[in-house]
Amino acid sequence: MSRYLTPSKIGLLALISLYSDSVVPSAATIPILSFLVSHVLPISSVASQDKSSLQSRHVTLAVEDFQKATISHVSGIPGRTIWDLLLNKLWKLNSFDALHDFFDTLSLLLQKPPEQQQQDAEDVIESNPNHIRLSRASPMGSFVRRAQLEFTRLQFHDGVTLWRNFVAYRAPTLPQWKKRNQSANHNSFDANLQDEHLDLGDRLTDVVYGELAHGVQHDASVSAEDLETLLEYQIDQMQRMGNRLPQAMKAKFRAMLDTGVTVPNLSHYVTFLDAWRSGDYPSSFDNLHRYFDYTMQNRDRTFYQYALLNLAILHADFGCHSEALTAMQETISTARENNDMGCLNYSLSWLYHFGKAHPEEMDDVQKRGVLGTEKETLAFLKAKAKEASMWGLLSTSLLSEAKLGLSNGDSVAQAFESIVRSSHLNVTKDVANAIGSQMSMQSSIFGRLGVSCQAWLSGELFLQCYTDQSPVEDVVHCVCRSALLLAQRGRYEDALARMEEVDEETLRTLRHSQYWTSNLGLIKLRRHLHRDNLVAAEAVLAQLQAPPSLGQDLHFSILTLEIDLNVRRGDYSKAMEILENLASKLTDGEADIFQRIKVMTLKARIYDKAGIPQKGFSVALRAASLAHGARLFPALWEAVGAVCGVLISLKEFSAAAKLLESIMPHTLECEDCNLSAQTFSLLADAHMGMAGQAKAETLPRKEQLTRALDNIGRSFDEFSRLEDVKGQCEMMAKKATIMHLNGDPVLANDCAAKYLDIKRAAKDQI
Amino acid sequence: MNIRKLRMFFLAAELSNSLPEPLSTSTSFNSDPDSQMSDVDLPPSLPISLSSNPNLEEARLEAQELPKYLLAKSYFDCREYDRCAAVFIPSILPRGPLTPTSPNAKTRTPTKAAKGKAKESSPNTKTDSIPLSNALPRLSQKSLFLSMYAKYMSGEKRKNEDSESILGPADGGGTVNKELVGLARSLEGWFADRAAKGLERGNQGWLEYLYGIVLAKGKTEEDAKTWLIRSVHLCPFNWGAWLELNELLNRFEELQSIVRELPQNLMTLVFHLYASQELYQSTETTHNQLNDLERIFPESQFLKTQRALLFYHSKDFDEAESIFSALLHADPHRIDALDHYSNILYVMSARPKLAFLAQVANATDKFRPETCCVVGNYYSLKSEHEKAVMYFRRALTLDRDFLQAWTLMGHEYVEMKNTHAAIESYRRAVDVNRKDYRAWYGLGQTYEVLEMHLYALFYYQRAASLRPYDPKMWHAVASCYDKVDRPIQSIKAYKRALVAGTYYDQGSSFGSGATNGEPPQGVLDPEMLYQIALVHEKLEQQDEAASYMEMTLAQEEGPGEDDDDEIRRPGTGVTNITSKARMWLARWEFARGGLARAMELANELCQDGVEVEEAKALIRDLRARMESPRSPSR
């Protein structure tokens with residue numbers, strides 16, 4: 001494999017020389033130039049953020065690409081297209097020596113250095129005015145210069161290899177060349193063969209062009225430089241998007257690498273990333289060390305801190321938290337030593353996030369004072385990011401700030417402000433990969449405010465517009481989130497379908513697949529719980545609890561569902577026990593206020609179920625006031641519901657009904673079927689109680705009964721949407737009782753029959 | 001073959017050797033010469049039929065030694081020379097450089113050191129009066145040759161290793177093969193022993209060959225020749241011996257003198273042809289010899305190569321090129337002598353073809369000195385001298401005795417103006433082969449660049465003696481004579497060059513490059529004539545000078561002026577030199593008063609457009625002169 005030169009580069013050089021011969025008419029200048037420039041520029045400068053341009057760019061150019069780009073343009077010579085001229089130029093390289101000459105004459109394309117220009121001026125050497133000379137520093141000029149230099153560096157046999165590859169590369173255009181040039185035949189690729197009248201089968205030809213004559217073709221049209229570009233692109237993709245190498249791509253890479261003797265160091269890094277994503281702990285370690293062993297001292301810069309950074313993240317990913325912490329601390333100190341602000345800021349931010357995810361590991365760090373309190377840290381990070389103009393970091397810091405504010409129950413407006421600022425940054429500074437987290441933050445804040453449709457909308461917006469350029473992780477999170485929302489509305493099938501939308505390639509990454517499976521499990525668990533399929537629920541729960549390192553949110557959801565399971569079983573003490581555990585954990589750390597409220601409400605509900613609702617009164621009330629303070633509306637309505645339950649048990653029916661009726665619209669806005677079903681059922685209970693308080697056979701009683709029936713019906717609808725068997729049955733039972741009270745035994749019987757049907761259907765489903 | 005695979009063989013051989021030895025073999029290695037008869041009756045441990053040697057005694061020995069021989073041969077194939085030698089000759093032979101004097105002479109008046117060493121190695125040497133005794137164990141000649149040759153090779157290897165990098169500090173050409181002394185001594189002893197026992201008839205020629213090499217390395221050339229001739233008598237098909245013999249011949253006369261001593265067989269003919277070619281004898285007789293041989297071997301590529309080289313030496317490049325080209329087509333994988341082919345292409349400036357040749361050679365083996373030379377020549381033709389030097393160095397790393405590369409590298413260094421390196425390279429080339437006139441010539445050129453003309457003269461003379469019919473050599477000699485103020489010799493040399501020029505008719509020597517337009521056929525070189533004229537002028541022989549100047553002018557028209565044939569060859573036309581001559585003549589005529597002729601010449605000069613300014617000035621002067629004598633008459 002050559003270092004830099006490939007047959008396609010020779011083609012580009014030929015086209016450049018055509019261009020400088022002024023045979024390209026002005027109409028074709030711009031397309032030809034843009035074709036040239038798009039292939040001549042180093043890949044990093046072609047807006048590396050812009051993925052579409054990368055995809056449209058081939059690393060290697062086939063001859064056909066040249067044809068496509070040039071055949072439609074007429075040249076300055078009548079009757080000839082530029083493609084014809086290019087063919088002529090290419091086929092004029094009819095021996096290895098001609099190739100040498102071609103490269104020797106390349107310097108004529110360039111402007112002469114100033115000293116020589118001066119000399120020429122003195123000697124009155126006129127330059128051809130028709131000849132375009134490239135400036136030495138222009139992109140094309142530097143490309144030409146580099147090509148020439150690389151050719152000079154080639155050893156003889158490398159040159160021969162390049163020549164042979166070029167012959168093979170050019171071979172497909174022979175028929176077209178024959179059309180223009182009658183004398184051309186199958187051995188006109190080398191003038192020496194023609195002079196000697198050698199045929200392709202000749203022994204001498206066999207020695208020199210043996211592989212060519214026999215049609216053996218190995219894909220050597222890639223130079224080491226091209227390969228490095230490819231690898232860099234690959235790493236960039238893997239790092240930014242967080243996915244793995246597709247299998248087909250991997251095979252292709254292997255084939256490419258096998259043709260060369262030297263393996264680029266970067267390929268170790270690719271293997272490392274791939275192994276890491278696939279969850280292959282030992283081999284990812286092996287490859288990480290291999291890569292950094294080869295590149296520790298490169299271009300007079302130390303990469304020790306990056307090695308450590310990678311190591312730390314790797315450790316953290318595989319759950320070795322303490323090791324990760326020590327590695328990260330060393331990273332920070334090394335980065336400080338080497339004045340590598342980028343690395344330092346990144347690692348500090350990582351450490352902060354790590355601390356958020358694993359507060360229990362952070363004691364040591366807190367004591368050492370690497371990071372101050374959270375707020376201080378964020379302020380520091382923000383300042384640093386601004387200083388070093390690391391906009392991505394600044395944007396994520398702002399989001400973290402918003403998140404911190406929310407979980408502390410601070411002002412919602414402030415959180416919004418942060419989000420908007422981050423969004424502004426993302427747009428103005430083109431921080432494409434932070435958009436995902438910003439959108440999901442927005443979605444969650446709307447969710448907390450109880451504006452479900454907005455929350456849903458943000459998610460959809462993100463999935464529609466930004467999937468291509470965001471890290472896969474964000475996409476997976478967003479998909480799971482929206483699936484959960486769907487499940488909340490009882491649209492299980494849709495939710496499951498949504499989950500299936502996730503690309504299979506994505507799930508080859510261990511972390512993503514874990515996250516995805518857990519969410520899928522959550523949805524299924526919910527469904528099983530609602531269907532009263534407790535055995536299946538337990539099985540799913542056991543599976544969910546198996547993987548060790550899940551996010552705190554997921555963990556919380558699983559626990560609440562476990563509690564729910566126990567409640568449904570009627571095992572209240574067990575449920576209480578789990579709840580207490582959870583609550584104690586939450587009070588320790590600086591837990592999310594939403595979770596704390598949720599736990600409180602849950603407690604009140606368990607008391608309610610256990611038949612001692614008054615015991616939960618203070619808890620419910622506290623939850624309600626907390627939720628109100630933090631503007632956590634869904635939690636507030638739930639808490640209010642719990643309070644009303646207590647009120648109902650205290651026979652304060654009218655107050656309960658008033659309260660419930662006032663929250664009803666908001667509750668419906670939340671689009672949480674469970675919540676609405678519960679609330680409707682409570683409202684029905686309140687009306688029922690009020691009916692009980694009214695005199696029998698009077699109008700108010702009737703009215704209250706109808707209202708109760710009405711609410712029971714709505715609650716039933718909500719429950720049936722959720723496929724909640726228990727809820728449906730309960731409602732049916734209540735309905736039957738009311739019918740019975742109304743003295744309508746037929747209807748009551750109907751309801752009773754329906755009740756039995758539901759029960760049977762649920763049994764059958766199991 | 002892969003060395004590792006070869007090792008498997010010697011493992012097998014070693015295993016077969018490690019079998020318990022039969023009793024009889026233990027006696028056969030007894031170095032006591034008296035016991036040799038005693039084991040004749042003992043049954044040999046291995047059947048004699050294993051050896052194909054017709055000599056019964058040798059065959060018996062060979063059969064006995066077979067396992068050991070196989071082991072040694074395997075070691076040799078793996079290039080573990082010392083180990084190979086130690087299989088048969090366990091004791092260490094004395095080392096040290098071989099002095100140019102004969103080992104014979106040395107043993108007669110041994111130095112103290114040599115004596116000590118001799119005693120170490122040959123315990124049988126009791127007194128100085130009986131210097132020659134066989135210190136070697138009694139072995140078959142085959143085994144003996146193998147082990148001795150291995151010793152020689154190990155010495156060569158060590159020598160190469162000591163020299164380190166090409167033209168590096170340790171690579172002075174002064175390192176020698178340290179095994180030579182021991183080998184010479186042992187062989188001498190062995191031969192004396194054989195002679196004493198009257199067994200000389202049983203000699204096979206191989207040890208003679210080795211002895212010849214050793215002697216030749218020790219610069220004892222006459223003795224070496226005798227031994228090599230003896231060797232080729234005994235074993236005519238050992239081409240190595242012929243090659244060694246060829247290297248010892250410095251002049252054609254020497255070849256002729258030894259011809260009578262050579263055996264009368266086919267190999268001698270081949271050798272005679274080869275030696276003639278190497279001595280640049282591209283004469284009719286040589287061609288006839290070649291024709292005779294080709295009748296026997298019509299398809300021989302070797303002979304064809306020789307033919308091509310003969311044409312090359314006589315500067316018939318087209319002919320040589322076509323032969324080489326045909327050879328290449330017949331066997332594309334043959335790299336031998338491709339370096340010569342590349343030289344031919346170089347001189348013909350056939351760059352695409354040279355590149356193609358390099359491609360062919362590279363496809364077969366890129367680590368052959370010949371291949372590297374071809375590539376080097378290509379780069380040299382492209383004026384990429386650094387790269388060319390790199391490839392020549394590579395060739396030399398592969399084979400230090402690759403003469404071509406030394407010379408060519410010298411040329412490159414001259415181009416790069418690195419005279420010291422050039423001189424050293426040429427010197428090494430000359431050391432390897434004293435018959436390489438290009439190296440001698442190059443040395444001369446380099447010293448000329450350094451303005452050491454007397455020194456350069458010596459080298460030019462050597463070159464001229466090797467190529468007596470090359471005008472270039474004589475021209476160089478002549479100009480050197482001129483520079484060191486010996487005009488008479490200079491004129492002689494110039495005349496010689498003129499004669500040689502007509503003899504060869506055409507072409508140029510290698511390295512001059514065909515760039516400076518050589519005169520067409522049958523024309524005397526105006527340059528030489530002009531130079532002769534100048535020398536005569538120096539000697540103040542104006543008339544002589546003038547006549548040579550006239551001759552120079554005459555070359556413009558070409559020869560055969562007198563005959564009115566239609567096949568009048570074209571002359572050189574007006575060149576720089578002839579214009580200079582014309583100018584000189586015009587001035588000369590002006591000085592001696594032939595004004596009309598001077599005027600005519602000056603006008604011609606103006607017409608030709610060369611040195612117009614001077615010519616015009618001269619015309620002005622002429623007019624003035626022409627007018628001034630007229631005015632008084634008026």
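The model is predicted. Chain A holds 39 helices and two strands, and its C-alpha trace spans about 120 × 60 × 45 Å along the principal axes.

**Overall form of chain A**
- The radius of gyration of chain A is 36 Å, whereas a compact globule of 766 residues would have one near 27 Å.

**A helix pair in chain A**
- Two packed helices are described by the angle between their axes and the distance between the axes.
- Helix H22 of chain A covers residues 391-407, and helix H23 of chain A covers residues 412-428.
- Their axes come within 8 Å and cross at roughly 165°.
- Angles over 145 degrees count as roughly antiparallel, so H22(A) and H23(A) are roughly antiparallel to each other.
- The crossing of H22(A) and H23(A) is left-handed.
- On the H22(A) side, the residues that meet H23(A) include Trp391(A), Leu394(A), Leu398(A) and Glu401(A).
- On the H23(A) side, the residues in this contact include Ala415(A), Ile419(A), Arg421(A) and Leu425(A).
- By class, the contact of H22(A) with H23(A) has nine nonpolar, six polar and two charged residues.

- Residues 403-436 of chain B are 79% helix and 0% strand, with the end C-alpha atoms 8 Å apart.
- Residues 437-470 of chain B are 79% helix and 0% strand, and here the end C-alpha atoms are 11 Å apart.

Definitions and conventions
Residues numbered from 1 in each chain as written. Chains lettered and ligands numbered in written order. Predicted model: local features only at pLDDT ≥ 70, side-chain atom pairs only at ≥ 80, totals over all residues. Axes fitted to C-alpha atoms, helices over the stretch in contact; angles between N-to-C directions. Helix = DSSP H or I, 4+ residues; strand = E, 2+ residues; numbered from the N terminus. Parallel < 35°, antiparallel > 145°, perpendicular 65-115°, else oblique. Left-handed = near helix turned anticlockwise from the far one by under 90°. Contact = placed C-beta atoms within 7 Å. Nonpolar A, V, L, I, M, F, W, Y, C, P; charged D, E, K, R; others polar. Rg over C-alpha atoms; globule rule 2.2 N^0.38 Å.
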